[in-house]
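Let us walk through this protein assembly step by step. Keep the chains in view as you read.

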Number of protein chains: 6
Amino acid sequence: MNVTVSRKAHFNAAHKLYNSDWTDARNAVVFGKCSNPNFHGHNYELIVSVKGSVHPETGFVMDMKELKKMINAEIIDAFDHKNLNEEVPEFKKLNPTAENIAVVIWNKLRLKIAINLALTITLYETPRNFVTYTGE
Amino acid sequence: MNVTVSRKAHFNAAHKLYNSDWTDARNAVVFGKCSNPNFHGHNYELIVSVKGSVHPETGFVMDMKELKKMINAEIIDAFDHKNLNEEVPEFKKLNPTAENIAVVIWNKLRLKIAINLALTITLYETPRNFVTYTGE
Amino acid sequence: MNVTVSRKAHFNAAHKLYNSDWTDARNAVVFGKCSNPNFHGHNYELIVSVKGSVHPETGFVMDMKELKKMINAEIIDAFDHKNLNEEVPEFKKLNPTAENIAVVIWNKLRLKIAINLALTITLYETPRNFVTYTGE
Amino acid sequence: MNVTVSRKAHFNAAHKLYNSDWTDARNAVVFGKCSNPNFHGHNYELIVSVKGSVHPETGFVMDMKELKKMINAEIIDAFDHKNLNEEVPEFKKLNPTAENIAVVIWNKLRLKIAINLALTITLYETPRNFVTYTGE
Amino acid sequence: MNVTVSRKAHFNAAHKLYNSDWTDARNAVVFGKCSNPNFHGHNYELIVSVKGSVHPETGFVMDMKELKKMINAEIIDAFDHKNLNEEVPEFKKLNPTAENIAVVIWNKLRLKIAINLALTITLYETPRNFVTYTGE
Amino acid sequence: MNVTVSRKAHFNAAHKLYNSDWTDARNAVVFGKCSNPNFHGHNYELIVSVKGSVHPETGFVMDMKELKKMINAEIIDAFDHKNLNEEVPEFKKLNPTAENIAVVIWNKLRLKIAINLALTITLYETPRNFVTYTGE
């Protein structure tokens, strides 16, 4: 029996969409108001999903208390109330689109979650825009 | 890296469930109050999901501003504040169940979205009933 | 101790915005696409709120099972899967705007709810538009 | 054309996380406050998803009215306003984690839903914790 | 300038509706399945609202970090993962209806919140049932 | 008959909590991580509520299409994808707490909405924190 368990978390951050290899003018053409050099921000809603077999003694795929702690230590402490472009090392060069943020979160958590468990990251940038990454 | 990006949209429409090859009596037996000949209606919530590789320069699978425009031009302008049975050509003969509406939306958007991107349509007919179509 | 108890309910209906004393042209100017003569529709979310003292023996302002039955009998059975303009007598002449629907619901429930209880109706026409009526 | 249709339902229940082969002390260490011997409880939100081909005459994968009745008869009547550990036979020995509840619901509905239809169960234990089971 | 600031919180608990002055038979007649002697439970969603003038130096009615701490210390620690009837002293004799729980929460927080601030408690017992108490 | 009509809108912005009359150290003590000098951000959800009598010819308190346009022109165009501290003149000196943002929005819309209509602003800074201002 393989079950997927999912845990929601939340962080607030500032960002701008910006490719540092481009001129500001080209950034403005491609990213529009999302490239505002003074930044804007979001309430990011994060769903971390872990799939694996149900342990016969606990009835758990993974202890959700442990998953919550791991999300807090790896992601919330690093991203919450931060400026993603300025303060989060992964985005010094990488454009913090929802796609790239989801990939960065997946890469960080993949190192911490038992290798026999499949990992999926869903990230809502706004209530109307969200992305999903499974590591493929 | 393959990421799925999703965009929510919304339209309001009237419809009735009706198979024009059947008698009204049989429609009433099969579809119950959903076959009311005077129509009823819904706030349809639409989620369009597009899966593909993340472009290394933009960090986008696809520009969400373009996806939003495409959804508005192809779906919202055609369906919003309309009577699906009476005014939307695709449903002149086809019963506008949530299943069929999702397939029609998929077919319309499939023509517009780059062929290397996978497309999934999720459609909420009510907060408690929804359908998903991936083109399989 | 005065507490307000609230119960949510749901109905789907077709309608058009239409003043029968006006020409179709004027209806179209004032109500835009909402005046489509072929109708459109909504998932209406209804919140019925009743305020009064907490009964010392039951701990209830009012038995929510009774309130649910009353909403079903008076409102859901009358409005759900109906065309409001064509099939609901209250709207034969009255324009079924969210405002007017809320007032009609208030008037219908006011007759059934004990007179010592204050009544408020909140009606969501879409997730972004809603109205509230307290009988003032 | 294969479409997935989903229906949401709701039940309220008490439970505790408890492995009857362990001492109370070990249960407390592993399950923390979830093992409170006096029980706690949840509003469980259930999503039943059924995937299959769209019937050309009805436009349905499956009549949602039938699916709703089946969920009520098999799941809601058995679980709603119950103590899962004490009153639901499947959990006399089995720990009622979200994972195990989802598997039990899947097993019960699998017997009732036509075998050509794929079945997925999603169960929200809280707004922040949920699980998914597809029968794999 | 008087502004109302609101903070949401969450607790899970078991309860039964029960008047200890009545026979079990009468409890069953009045409270139905909510009187199940083995308990059932809910995810309670709590909204604490505080109204007062905006401090000119901070721009706060009240520091939300302090309000969050107060809600955790007074309410969540006392109610979360508890059996309200068995383990929360206020309900040893008082029936834990949503109405009474809201009044108890109001009384506990009223002692802690500055007296110049008005206090309102909103409590969702389920997504469809909720109550509001302002201390009147 | 007085009815309240409400319209939801949405904007994304960066901000920091900061009193420019204080030292950075004092800002950090009072506002904690919300005073991060590099900014953070939110998806602000705005509800504009207008109360007045229902016009007998239209069935409207106010045309919601007009209200939507007014919110877009006065608020969304001014605040969306902006840095509130740096780019919105009202917050050059005023700390952009949720309380102060709600008051600023109320003041801006009060000038545009007919004086016989009462105005209330509700602003969600996060899904768990929100404020309400009625002009008192």
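Start with chain C and chain D: no contact joins them, and their closest C-alpha atoms lie 14 Å apart. Contact here means heavy atoms within 4.5 Å. Chain A and chain E also have no contact, with closest C-alpha atoms 14 Å apart.

A word on the source. This is a predicted model, in which local features need pLDDT of at least 70, side-chain atom pairs count only at pLDDT 80 or more, and totals for chains, interfaces and linings use all residues. Residues are numbered from 1 along each chain as its sequence is written, chains are lettered from A and ligands numbered from 1 in the order in which they are written, and side-chain values use heavy atoms, with hydrogens and water left out.

Now take chain A and chain D. Here 22 residues of chain A are in contact with 20 residues of chain D. The area buried between the two chains is about 1,800 Å², and carbon and sulfur atoms give 50% of it. On the chain A side, A:Met1, A:Lys8 and A:Glu57 lose the most area to chain D, together 27% of what that side buries. Buried area is the accessible area (1.4 Å probe) that two parts lose on being put together, summed over both.

Next, look at chain A by itself. It has 4 helices and 5 strands. These are DSSP runs, numbered from the N terminus: helices are H or I with at least four residues, strands are E with at least two. Along the sequence the pattern is β-α-β-α-β-α-α-β-β. The C-alpha atoms fill a box of roughly 60 × 25 × 25 Å, taken along the principal axes. Of the 136 residues of chain A, 60% count as buried, meaning under 20% relative accessible area (1.4 Å probe, protein chains only).

Finally, turn to strand β5 of chain C, residues 129–133. Why is β5(C) largely enclosed by the rest of the structure? The reason is that 4 of its 5 residues are buried. Which strands pair with it? Strand β4 of chain C, residues 118–126, runs antiparallel to β5(C) and is joined to it by 5 bridges. Pairing requires at least two bridges found by DSSP between two strands. A hairpin through 2 residues joins β4(C) to β5(C). Strand β1 of chain F, residues 2–15, also runs antiparallel to β5(C), with 5 bridges. Follow one residue, C:Thr132: it is the bridge partner of C:Thr122, and it stands opposite F:Thr4 in β1(F).

How values were computed. Buried means under 20% relative accessible area, exposed over 50%, partly exposed in between (1.4 Å probe, protein chains only).
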